[in-house]
Amino acid sequence: MLINNVLQWTGALFIIAGHILNSIGVDGYNIAAFTVGTVAFLAWSVRVANKPQTVVNVVAITVCTIGLFRAYG
């Protein structure tokens, strides 16, 4: 389905952006990029009923949330 591909590619691009921002030391924005990518992958994993990936994404969003509060809070 088209929406599944859009969610996966959106997730991939934002995760890649997060890694690039992380490698050049742009704290805060890297976590925001990881969060957007993870939310996209979470939506995809729920849509396709991939339970292990859903668990990974829920944990990742929790970690990202803590990171966002540390960066901006």
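Buried residues are those under 20% relative accessible area, exposed residues are over 50%, and partly exposed residues lie in between, for a 1.4 Å probe and protein chains only. The structure shown is a predicted model, in which local features need pLDDT of at least 70 and side-chain atom pairs count only at pLDDT 80 or more, while totals for chains, interfaces and linings use all residues. Residues are numbered from 1 along each chain as its sequence is written, and side-chain values use heavy atoms, with hydrogens and water left out.

**View 1. The buried face of helix H3.**
In H3, the buried residues are Thr 54, Asn 57, Ile 61, Cys 64 and Gly 67. Seen down the helix axis, they fall within an arc of 140 degrees and so line one face of H3; the arc is that of the directions from the helix axis to the C-beta atoms. An α-helix has 3.6 residues a turn, so residues three or four places apart point the same way. The face of H3 turned away from the buried side carries the exposed residues Lys 51, Pro 52, Val 55, Val 63, Phe 69 and Arg 70. What covers the buried residues of H3 includes H2. Helices (H or I, at least four residues) and strands (E, at least two) are DSSP runs, numbered from the N terminus.

**View 2. The length of helix H3.**
The expected span of a helix is 1.5 Å times one less than its number of residues. For the 22 residues of H3 this should give 32 Å, and the end C-alpha atoms are 31 Å apart, which agrees.

Helix H1 comprises residues 2-23; its 22 residues should span 32 Å, and its end C-alpha atoms are 32 Å apart, in agreement. Buried in H1 are Asn 4, Leu 7, Gly 11 and Gly 18. These residues cover an arc of only 65 degrees around the axis, which puts them on the same side of H1. Turned away from that buried side is a face with the exposed residues Leu 2, Trp 9, Leu 13 and Ser 23. Helix H2 (29-47) is included in what covers the buried residues of H1. Just after H1, Gly 25 takes a positive phi of about 75 degrees.

**View 3. The crossing of H1 and H2.**
Two packed helices are described by the angle between their axes and the distance between the axes. The axes of H1 and H2 come within 7 Å and cross at roughly 155 degrees. Axes are lines fitted to C-alpha atoms, for helices over the stretch in contact, and angles run from 0 to 180 degrees between N-to-C directions. H1 and H2 are therefore roughly antiparallel to each other; angles under 35 degrees count as roughly parallel, over 145 as roughly antiparallel, 65 to 115 as roughly perpendicular and the rest as oblique.

**View 4. The packing of H2 against H3.**
H2 and helix H3 (residues 51-72) have axes that come within 9 Å and cross at roughly 155 degrees. That makes H2 roughly antiparallel to H3. The crossing of H2 and H3 is left-handed. Among the residues that meet here are Tyr 29, Phe 34, Phe 41 and Trp 44 in H2, and Gln 53, Val 58, Leu 68 and Tyr 72 in H3. Contact means heavy atoms within 4.5 Å.

Thr 38 is found in helix H2 and is buried, with a relative accessible area of 5%. Not counting residues up to four places away in sequence, Thr 38 touches Ile 15, Asn 57, Ala 60, Ile 61 and Cys 64. Leu 42 is also found in helix H2. Leaving aside neighbours within four places in sequence, Leu 42 is in contact with Thr 54, Asn 57, Val 58 and Ile 61. Leu 42 and Val 56 are 14 residues apart in sequence and 8.5 Å apart in space, C-alpha to C-alpha.

**View 5. The loop at Ala 49.**
Ala 49 has its place in the loop between H2 and H3. Its phi is near 55 degrees, a positive value in a residue other than glycine. At 54% relative accessibility, Ala 49 counts as exposed.

Note on methods:
A crossing is left-handed if the near helix is turned anticlockwise from the far one by less than a right angle, and right-handed if clockwise.
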